[in-house]
Amino acid sequence: MRSQIAAASAFLRNTWRGLTSMRTALVLLFLLALAALPGVLLPQYSLNSGKVAEYKAEHSTIGPWLDKLGFFNVFAAPWFAAIYLLLFISLIGCLLPRTVEYLRQLRARPGLTPRNLSRLPHHAERTVDADVDEVVAAGRQRLRGWRKEIGEEPGGVRTISAERGYLREAGNLVFHFSMMLLLVGLAVGKLVGYEGQVIVRADGSQWCNSGLFNYDSFRPGLTVDGTNLSPFCVRVDSFRANYLPSGQADTFHADIAYQAGDDLGTDRWNPYGLEVNEPLRVAGDRVYLLGHGYAPRFVVTFPDGQTRTQAIQWRPTSTATLLSEGATKFDPPGVTDPAERRKHQLAITGLFAPTAAYDHTGKILTSAFPMVNNPAVAVDVYRGDLGTDSGSPQSIFSIDERMVRDGRLNKVARQNLELGQELTLDDGTRIRFDGVEQWISIQVSHDPAQVWVLVAAVLVLAGLGASLVIKRRRVWLRVRPNGAGEGGGRTVVEVGGLARTDQAGYGEEFGRLAGDLLAARTSGTAPNKIVADRADPERTGSDEAGPDETSNKTQRAAAGGGHDRQDVP
Amino acid sequence: MSINSTLSQYSDLSYTTAIAIYVFAMLLHAAENAFGRRAVQREQKALVAAGGVPLAEQPSRGVVDTGRALPERLGRMGVSLTVLGAALHFASLALRGLATGRVPWGNMYEYISAVCLGAVIAWLVMLRRHSVRQLGAFVLLPLVVLMFLAGTVLYAQAGPVVPALKSYWLVIHVSAMVISSGVVLVAGVASLLYLVKARHEANPSTFAKLGSRLPAADALDRLAYRTTVFALPLMTFGIMAGAIWAEAAWGRYWGWDPKETVALVSWVIYAAYLHSRATAGWRGNRAAWVNVVGFAATVFNLFFVNLVTTGLHSYAGVG
């Protein structure tokens with residue numbers, strides 16, 4: 001039993017170690033990149049569900065399987081979540097010990113001075129006139145900002161051990177923790193956020209964010225039931241779209257007004273110019289201008305002389321020309337008997353072209369331009385039972401084809417109408433294409449967590465910058481009295497340097513530093529001892545050295561060895 | 001904003017000329033590689049003593065050093081031509097910007113052109129700091145191909161941009177992506193050649209000719225690392241700026257649009273590259289492979305995502 005527990009704990013420990021190792025993290029990073037690819041290569045429900053259906057129809061064998069395995073909804077698939085959750089567990093397992101270690105290092109003193117500084121990647125030596133204490137004092141002065149430790153060695157030798165660049169690891173930790181904060185912010189947004197779209201006519205119509213049923217489509221977060229939407233109302237007064245002669249969109253502008261808070265229920269409205277890139281931010285929500293379209297206005301004069309006018313949005317079938325399709329539906333006026341009414345309902349369906357163009361037969365209507373220059377409709381008029389009383393929902397853009405198949409709804413006319421033209425049905429009903437109104441589609445988005453995502457992103461960037469720019473590096477100074485008197489001066493100064501991380505480019509800074517440290521009251525008469533800067537595996541050589549350093553260079557060993565030399569014990 | 005067609009014609013002319021000059025520079029670099037001395041020999045020339053005094057006598061060298069050998073002159077001419085090409089390339093973008101009255105990266109053609117200019121400038125900067133001139137032909141080759149494709153298949157007339165692109169974020173987001181993508185292209189070429197050189201160093205008979213003329217594997221690794229370290233924070237910033245823009249333009253800061261996804265994938269790959277260089281057993285070859293995969297992802301993102309998939313990142317003209 002005891003051995004089983006031991007085995008189990010060993011297994012857990014090894015699994016944890018394996019999971020939190022850098023290798024595993026690397027593999028998980030690759031898996032994440034790989035797993036995201038189907039999200040690019042295959043159609044996705046979240047982006048375009050129509051394309052998914054198309055793909056499944058074309059690939060009838062693998063399509064359903066891919067669907068079951070979540071390949072059409074990659075970023076919500078359990079296997080995708082598994083990868084990034086494992087990655088973040090691995091990250092936490094790696095970060096916690098590193099944070100502890102970092103805090104410990106912050107209090108620790110710089111390491112002891114190595115016995116032989118000339119074996120370090122950076123090294124310089126010189127004999128100077130100043131005495132040991134003066135050199136050490138000057139060194140301390142020069143190494144301001146470094147964490148220093150002054151040491152004594154037998155024979156009157158003094159050393160300075162200095163280190164700086166601790167913020168590198170801090171940046172590293174901030175980067176990784178902020179990545180997790182970012183993911184948490186993203187997840188919270190998915191839980192409590194919502195997003196809905198609705199079409200509002202640009203004729204002073206009002207729309208209020210008071211419930212789910214006010215939306216045409218709505219995507220709630222997991223905890224959103226639609227009861228606590230941020231209360232606000234908008235009124236769309238007018239809309240202007242400007243297109244270039246090429247048909248390319250130039251500007252979209254909607255003059256709207258909004259009210260929220262205490263203004264609700266009053267007639268106090270705040271004007272706002274809604275544009276692409278300029279969402280309205282109100283009551284913690286954002287209102288976006290998504291698109292626009294047209295609503296042809298029809299006037300129907302019934303046989304008894306009564307008229308009815310209606311303009312309802314038609315749906316663009318082409319964003320380039322705004323050729324639109326739709327169905328404008330009328331009930332016969334003054335008919336109270338439901339059975340009788342269902343015999344005389346009217347639907348005007350077909351195409352609307354803001355700038356009419358016809359094919360060579362002169363019959364088939366298309367649109368040449370997305371702005372209203374010469375509007376026309378090509379309509380089929382149906383009469384009979386629209387099925388609106390059946391209780392089942394139907395699209396506002398089309399008629400219920402089942403009613404047509406059942407013979408309860410019949411086509412009674414087909415005609416092209418330009419603005420102001422009218423057609424007459426067999427029973428004397430006249431239908432006039434009376435005008436064009438505009439509508440805009442707006443999106444309302446709610447995500448209270450996104451500001452935290454932004455904060456996390458800024459921290460990610462700051463941490464990344466710090467961890468890549470700051471170098472953790474050490475420098476040592478050994479100052480000993482010049483016993484033998486060689487070189488003429490009184491004191492021999494040795495400087496050694498080491499970059500602790502695989503960050504390149506310490507050579508230049510070390511060159512300047514060594515120059516300053518050794519410049520302290522150099523013996524005037526003594527010839528400079530050759531100052532060696534051993535081949536730094538991080539550096540290319542002469543082409544990289546600064547002007548100060550070139551003269552220090554006497555030899556270059558063949559570049560070789562490891563790229564990132566670890567710390568010298 | 002009306003379009004100045006004269007300026008845009010000059011812009012096109014500069015673009016074509018820049019490509020021609022790059023091609024010529026590439027040929028000169030290739031000639032240097034083909035006829036040049038081997039890299040090992042050149043190293044020795046760098047021996048300089050303290051204070052500029054020769055450390056040791058260099059008997060036979062005195063004569064050689066007074067004039068440069070022909071191949072080296074060809075290589076240096078290649079660099080000069082690259083500078084000239086870059087100047088024209090810059091002029092072509094600047095003229096586009098003046099002609100259209102907006103930043104010159106509003107469609108695929110302009111975007112790729114700007115990315116390539118970023119790469120050329122990154123290459124020239126690297127050239128000042130590292131002795132890696134032998135890479136010239138290999139760096140210019142993918143750029144010339146990219147620019148040719150941009151100028152033929154993806155060409156778009158100078159024109160205004162769609163409303164969604166009318167935002168100051170176009171300047172911030174796209175310039176960050178342009179520069180980071182350009183720099184990363186240079187890093188990718190360096191890593192690719194690192195793999196060649198490393199195989200050559202392991203076994204001198206593989207890539208015998210090419211390998212012996214490339215800079216040391218270390219230098220290539222360092223070039224790749226430094227360029228990536230420069231590009232990654234910029235890429236991170238670019239993606240974040242894109243997210244902020246998307247929040248204002250598309251109603252959400254992240255929506256797994258194909259371009260967004262592939263940008264994240266590239267970012268993850270470059271993050272993996274930096275980690276792999278700090279992981280025992282992954283340094284060297286494996287890290288270089290990771291960087292090459294990142295290069296592939298970048299090119300994939302430049303082309304495939306705009307041409308094959310449909311997403312929100314489609315510009316006027318193409319995609």
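Over all chains, the count of salt bridges comes to 39. The model is predicted. In general, side chains of opposite charge can pair when their charged atoms come close.

**Salt bridges in chain A**

- Glu437(A) and Arg201(A) are joined through their side chains by a salt bridge, with an N to O distance of 3.2 Å.
- Because Glu437(A) belongs to strand S21 of chain A and Arg201(A) to strand S4 (residues 194–201) of chain A, this pair ties together parts that are 236 residues apart in sequence.
- Glu437(A) has a relative accessibility of 16% and therefore counts as buried, whereas Arg201(A), at 25%, counts as partly exposed.
- Both residues belong to a network of salt bridges that links Arg201(A), Asp203(A), Arg297(A), Arg432(A), Asp434(A) and Glu437(A).
- A further salt bridge joins Arg430(A) to Glu422(A), where the closest N and O atoms are 3.4 Å apart.
- Arg430(A) is partly exposed at 34% relative accessibility, and Glu422(A) is partly exposed with a relative accessible area of 33%.

- Setting aside residues up to four places away in sequence, Phe433(A) touches Pro296(A), Arg297(A), Phe298(A), Phe352(A), Pro375(A), Ala376(A), Val377(A), Leu417(A), Glu418(A), Leu419(A), Gly420(A) and Gln421(A).

**Overall make-up of chain B**

- Chain B contains twelve helices and zero strands.
- Its pattern along the sequence is α-α-α-α-α-α-α-α-α-α-α-α.
- Of the 319 residues in chain B, 60% are buried.
- When contacts in chain B between residues at least 6 apart in sequence are considered, 80% of them join residues at least 24 apart.

**Helices H4 and H5 of chain B**

- In general, two packed helices are described by the angle between their axes and the distance between the axes.
- Helix H4 (residues 70–100) of chain B packs against helix H5 (residues 108–129) of chain B at an angle of about 145°, and the axes are 10 Å apart.
- H4(B) and H5(B) cross in a left-handed sense.
- From H4(B), the contact includes Val79(B), Val83(B), Ala86(B), Phe90(B) and Leu93(B); from H5(B), it includes Tyr109(B), Ala114(B), Leu117(B), Val120(B) and Leu124(B).
- Among the other contributors are His89(B) and Arg96(B) of H4(B), and Glu110(B) and Trp123(B) of H5(B).

**Two further sites in chain B**

- Glu72(B) forms a salt bridge with Arg76(B), and the closest N and O atoms are 3.4 Å apart.
- Both of these residues lie in helix H4 of chain B, where they are four residues apart, about one turn of the helix.
- Glu72(B) is buried with a relative accessible area of 9%, while Arg76(B) counts as partly exposed at 36% relative accessibility.
- Ser8(B) is located in helix H1 (residues 5–35) of chain B and is buried, with a relative accessible area of 7%.
- Apart from neighbours within four places in sequence, Ser8(B) is in contact with Ala99(B) and Ala158(B).

**A nonpolar surface patch on chain A**

- Val174(A), Leu181(A), Val451(A), Trp452(A), Val455(A) and Leu459(A) make up a nonpolar surface patch of about 500 Å².
- Helix H8 (167–192) and helix H11 (450–469) of chain A are the elements that give two or more residues to this patch.
- H11(A) gives the most, with four residues.
- Val455(A) is placed in helix H11 of chain A and counts as partly exposed, at 35% relative accessibility.

Technical notes: Residues numbered from 1 in each chain as written. Chains lettered and ligands numbered in written order. Predicted model: local features only at pLDDT ≥ 70, side-chain atom pairs only at ≥ 80, totals over all residues. Heavy atoms only, no water. Patch = residues over 30% accessible without salt bridge, like charges linked within 9 Å, V, L, I, M, F, W, Y side chains within 5 Å. Areas by Shrake-Rupley, 256 points an atom, 1.4 Å probe, with all protein chains shown as cover. Salt bridge = Lys/Arg side-chain N within 4 Å of Asp/Glu carboxyl O. Buried < 20%, exposed > 50% of the residue type's maximum accessible area, 1.4 Å probe, protein only. Axes fitted to C-alpha atoms, helices over the stretch in contact; angles between N-to-C directions. Left-handed = near helix turned anticlockwise from the far one by under 90°. Contact = heavy atoms within 4.5 Å.
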